[in-house]
Structures are given as C-alpha cells and as structure tokens.
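Please look over the sequence and the structure shown below before reading on.

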Amino acid sequence: GAFWGLVVGFVLGMIKLTLQTLVQSGTMADTGMLGAVGAFNGYYFAGVLFLISVILIIVISYATAAPSAEKVEGLTYESTRARQKRTGQGPAPSAETRSLRPEIIGTTVVLALVLIIYLYFSFWL
C-alpha cells in the first residue's frame, strides 16, 4: 500500500506540475478539465493529493495480504524488539531513554520549524 501510495502520488504530482507550468506560461488555456487542474492552487492540490494517497494506501493495505514475518524482520519497531529479545541483545529501551532518542528529537525540531514557518508566512496573506 505504501509503495503504491508513493508511486501514484508522485505521478499525479508530476502531472499537476506539468499542467500548472503549461497554464502559467500561456501555452495551454485554463479552460476545460486539464486547464482547470493546471490553474488549481498548488497548495490546495497538495492537500487533495495527500488525501488521495492516504485513501489509496489504506485500501491497498486492506485488500492485500500482510507480508510474512521474514519480509518485515527488522523493518518495524515490533519486529526489532522481538529480534532483540530472541538474540539476547538486551531489553527494549525504557521510556526514559526512548524519549531522548536522536530521531525523536530531530522529528520534533523539524515539526517545530514547519509550524514556525507556516505561522510566519500565514500573516503575509
């Protein structure tokens, strides 16, 4: 599901970008269905594309069988913890050490920056 969500999202995004470029350059009129897609606000289209991708991911994930445990070994949090227990590499990290992991700190910083940029540019409209 995730793979097809990425593929379809990329293809639809590139089609939108091409149509938008053609409409904005005057090569294509903004009438008709393709012209309307090209003239549609790109930021709103990002939201629509996100919803399409999420729906596609959910539908395909429920429509197909789950991958075997061997295929996802080490790729998901639960399979990593199970492997740690099985191989005796130690217990899973406690809540205290887990909260200070670099990926959690990095994610928090990126989300904070996105929020700050969004709020900053929201008042310029």
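This is a predicted model: local features need pLDDT of at least 70, side-chain atom pairs count only at pLDDT 80 or more; totals for chains, interfaces and linings use all residues.

**Helix H1**
- Helix H1 runs over residues 2-25 and has 24 residues.
- From its first C-alpha to its last, H1 reaches 34 Å, close to the 34 Å expected at 1.5 Å a residue.
- Gly5, Gly9, Gly13, Lys16, Leu19, Gln20 and Val23 are the buried residues of H1.
- The cover over these buried residues includes H2 and helix H3 (42-63).
- An α-helix has 3.6 residues a turn, so residues three or four places apart point the same way.

**The nonpolar patch**
- A nonpolar patch on the surface is formed by Phe10, Val11, Leu12, Met14, Ile15, Leu17, Phe40, Tyr44, Val48 and Ile52, with about 900 Å² of accessible area together.
- H1 and H3 are the elements that give two or more residues to this patch, and H1 gives the most, with six residues.
- Isoleucine 15 lies in helix H1; it is partly exposed because its relative accessible area is 43%, which falls between the cut-offs of 20% and 50%.

**Alanine 39**
- Alanine 39 is placed in helix H2, residues 32-39.
- Alanine 39 counts as partly exposed because its relative accessibility is 47%.
- Leaving aside residues up to four places away in sequence, alanine 39 touches Val23 and Asp30.
- Alanine 29 is ten residues from alanine 39 in sequence, and their C-alpha atoms are 9.1 Å apart in space.

How values were computed:
Residues are numbered from 1 along each chain as its sequence is written. Side-chain values use heavy atoms; hydrogens and water are left out. Helices (H or I, at least four residues) and strands (E, at least two) are DSSP runs, numbered from the N terminus. Buried means under 20% relative accessible area, exposed over 50%, partly exposed in between (1.4 Å probe, protein chains only). Contact means heavy atoms within 4.5 Å. The expected span of a helix is 1.5 Å times one less than its number of residues. Patches are made of residues with over 30% relative accessible area and no salt bridge: like charges are joined within 9 Å, nonpolar side chains (Val, Leu, Ile, Met, Phe, Trp, Tyr) within 5 Å. Accessible areas come from the Shrake-Rupley method with a 1.4 Å probe; for residues, only the protein chains shown count as cover. A salt bridge is a side-chain nitrogen of Lys or Arg within 4 Å of a carboxyl oxygen of Asp or Glu.
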